[in-house]
Structure formats: C-alpha cells, structure tokens
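Trainee: I'd like to learn how to read a protein model feature by feature. Can we sit down with one together?

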Amino acid sequence: MAADNTGAMAIELSAAGARRLVLTAQGFGPRPAKVTTVQIARLLSKLGAIQIDAVNVLARSHLLPVFSRLGPYPVDAFDQMAFKQHKAFDFWGHAASYLPMELYPLFGWRRERHRQSSRWESTSARLEQQRPGYIAAVMAEITERGPLAFSDLEDPGRLDKSNLKTKYADSSLLWWNYSEGKILLETLYGHGTLAVAGRRNFERLYDLAERVIPPAVFDAPVPPQDEAHRQLVAIAARAMGVATVKELADYFRMYVAETKAAVDALVDQGVLAPAKVEGWTGHALVAVGLKPRSPADNRALLSPFDNLLWERKRNERLFGFRHSFEIYVPGPKRVYGYYVLPFLLGDAIVGRVDLKADRANRTLLVQGAHAEPGHEPKTTADALADELTDMAAWLGLERVTVAPKGDLAPLLKRVLSRR
C-alpha cells in the first residue's frame, strides 16, 4: 500500500490487474446460453449507460455492447426492454444514451440545468419573434396527438441547409434534420418536458414525459444535486472499475469540480478507495469490493461507441491501444475504415476490423482487417473468425467475406474459408 496525496492509503494495482478489473466492471466474461430482456436490463444497470448513434452501416450502435458482452440475442429485445417494459429511458447520459429507468430522478439536476440555460432563453425568444405561437402550438400538438416524430408535426419548421458547412463526412450528419421543429423537440426533451416514447426507423417519437416515464419513477423525489452527483459517480466507478477523477467525470459528462467533490465524499464513505496503478501517473479511484475475474472467456467486437472506448487516453494506458475513430473523417483520409470495431481477446485488444452489413446479399463484409502489434496473428484470426461468424448469424446474415485490405485480412480469409 502507498499513501496518496490526501494521506489515505492507496491500493496498488499492476497494469494487468487494472485491465482485468476494468473488463470485469464492464461486464465481459462468460456468456449465457440464452439472453433475456431481464439480462439486458441488468447489463444496462451495470454499465449505467449505453450510447446511442444513428449510423446503421452494421447495426445500431446501442445494440452492439449487449452482443459484445452477452452474445447473440433477439435484436428487438432491446426496444422491448426499453419501450415496452419501461426499464430504460433515452436521455443525455454519456452523450445521447439509454439509461436505466431507476436513474431518472438522478438526472433532475441536468434537466433543470437545461431549462435554466441561456441557450434556451435565446432560442425561445428567437422562436417567439420569428414564429409567434410556435412553441405553444407544438406542445398542444404533442399533447393531443403524441407520440410524434418531428416529421409528423403539422409544421416541422424545416430550414434551408444548402449553405450548411461542415468538416465532417456527409453520412455522419444523417441524424440531423435541420429544422426549428427538431431543435424545439430536442430542447424540450432536454428539459424533461418531453421524453422519447419509442423510435420509428430510429427517429425519436416524442411525448409528454409523464406519459412515458412510469408514474412511480416520474413522481419520485429528485435528490439534491450533490447527492445525485455522488450516486452517479458511484455508478460510474462501479462500471469503470478503476479510473481517474477526470474519467469518472466523463462517464456521465459531469464537471470535474463537482465530480471531485463527489469522489471525496465517496472515499470518506468507503465506497471508493484511492488506487495507484502501474504505469499511470498520479492517483486513481477504485470501486471497493469489486473483484476481477479471469479474462479467459473475453472475446468481443467493440462498437466504436462502446463504453470501454469512450476515453482514448484511458485506452492507451490500459491496453496500449490507440482508438482510431474515423466515422467523421472524409473517406480519402481514413486509415482503417469507416465503421471500425476493435477486437478484444482475453485482456487485450488484438485487432480491428472495418465491418458493413450487406443486407441485400445477406453478407457481413469485412472491408479491412488489421492486427495489433505484439499479438499472435493466428490466434487472433481464429478467435475473430468465430466472433464474426456469430455476429453474422445474429444479424441474420448468411456469410462473411473478407476484402484484402489490412495485414490480418489474408489470414482471416483463409481461416473463414475453412468454416
């Protein structure tokens, strides 16, 4: 044990011990024979949040972390868990996220912060000046006809986006429909006035929050902000295993100062303990009582938006892996590809593949396959072939094909050809 700069004794962790603790906290390990909505809800509660993104070149990003940890499951089970059984809600957690329904009261401070923001003040003033009565009309329409997508509004308030300039790839902007209606609905969703009742072809369907959130949850007392922060930081720490204050803050996108205050209280309460990790500069925090399991059963393709990959510098410290996030990079500038999934095997990230679901031809396309230095390519290719085969079957695809791009591609193609 070593003393940290507060005088408390820090738990010492090896680099391998830290990796195993993180992977255990993140829910990797043996997979069940059959996945149920109960297990999906339990995983979501363990992780605290699953990020949402509109890109559908392979599968919706929020579906992939469940597959990565639990294995194949009915694709519609996630929506059933969220919108039929009401065990999750869609809100700003770590970016746009699915969050366990029990956390709804803990985000009251964020909803209030959105309501009190200067941005809303200026937006509402502008709308009332440019479109008098528009806010009230949209609310009346949702109340009468909801749930509605913004395209269902009698006046979606579309704007000219011909002059919209962006440095990003056009395909990365498909989620954004430039309109006053969309801006207003998203803003009221951030306030907690509206909530997401479901999705239609991924498009959010908005309704009054009290008609979406179960009454027992909607009417539950909202804890004071500092208590909510403590609970959220404790959840983040339990989901991360070991982390710095900055990383804990990023998990639910909180300010570092308010996270530090929560951490100090949680250390005093014995929920967190200071930790010193081999190869890390400075001190971290570890969730007390969390026990690492063997990484022998870990085998997972990771969504570019997977919780494990949220913080790039953390990935480099933990795995020696630099996550190249190229979705928003114009095609000619990409090194690894558009939708690249790192491949986790044991306690290491051993490769990465650029994947696309060719649904018309029922084929999982491996458009590039790259090995990570220091890992045995044959072992990687064998395990990766198994995971790709399982993923193809999960997505209802009949075959896997491998393009020649990448140093792992020839070997992976040979392995798959023998299946």
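What follows is a chat about helix packing, sheets, a cavity and some backbone details.

Mentor: Before we start, keep in mind that this is a predicted model.

Trainee: Okay. Let's start with helices. How do I describe two that pack together?

Mentor: In general, two packed helices are described by the angle between their axes and the distance between those axes.

Trainee: Which residues make the contact?

Mentor: From α2 you have Thr 37, Ile 40, Ala 41 and Leu 44, and from α4 Ala 77, Phe 78, Gln 80 and Met 81. Sorted by class, the residues of this contact are 6 nonpolar and 2 polar, with no charged ones.

Trainee: Now sheets. What should I look at?

Mentor: Strands of a sheet pair through backbone hydrogen bonds, either parallel or antiparallel. So look at strand order and pairing sense. One case here is an open sheet of 3 strands in the order β3-β5-β4, with antiparallel pairing.

Trainee: Why is one side of β3 and of β4 left without a neighbour in the sheet?

Mentor: Because β3 (50-51) and β4 (88-93) are the edge strands, and each has a single partner strand. β3 pairs antiparallel with strand β5 (residues 95-100) over 2 bridges, and Ile 50 sits opposite Tyr 98 in β5.

Trainee: What packs on that sheet?

Mentor: Our friend α4 does, touching β3, β4 and β5. The direction of α4 makes about 75° with that of β5.

Trainee: And the other sheet, how many strands form it, and in what order?

Mentor: That open sheet has 5 strands, ordered β11-β12-β13-β14-β15, and its pairing is mixed. At its edges are β11 (299-301) and β15 (399-402), each pairing on one side only. From one strand to the next, the twist averages 30°.

Trainee: How does β11 join strand β12?

Mentor: They run antiparallel, joined by 3 bridges, with β12 covering residues 340-345. For a landmark, find Arg 299, which stands opposite Leu 345 in β12.

Trainee: Which helices supply at least two residues each to its lining?

Mentor: Those are α11 (225-240) and α12 (245-251). The largest share, 3 residues, comes from α12. Among the lining residues are Val 22, Met 240, Asp 250, Trp 310 and Arg 314. By class, the lining has 6 nonpolar, 2 polar and 4 charged residues.

Trainee: Last topic, the backbone. Which peptide bond is cis?

Mentor: Check the one from Gly 146 to Pro 147, where omega is near 5°. Pro 147 lies in the loop between α7 (134-145) and α8 (180-191).

Trainee: And what is the phi of Arg 253?

Mentor: Arg 253 has a positive phi of about 55°, although it is not a glycine. You'll find Arg 253 in the loop between α12 and α13 (256-268).

Notes:
Residues are numbered from 1 along each chain as its sequence is written. This is a predicted model: local features need pLDDT of at least 70, side-chain atom pairs count only at pLDDT 80 or more; totals for chains, interfaces and linings use all residues. Side-chain values use heavy atoms; hydrogens and water are left out. On a 1 Å grid over the protein atoms alone, a cavity is a set of points where a 1.4 Å probe fits but cannot get out, and a pocket is an open set with protein on both sides within 12 Å along at least five of seven lines; lining residues have an atom within 4 Å of a point. Helices (H or I, at least four residues) and strands (E, at least two) are DSSP runs, numbered from the N terminus. Ala, Val, Leu, Ile, Met, Phe, Trp, Tyr, Cys and Pro count as nonpolar, Asp, Glu, Lys and Arg as charged, and the others, Gly among them, as polar. Contact means heavy atoms within 4.5 Å. Two strands pair if DSSP finds at least two bridges between them. Axes are lines fitted to C-alpha atoms, for helices over the stretch in contact, and angles run from 0 to 180 degrees between N-to-C directions.
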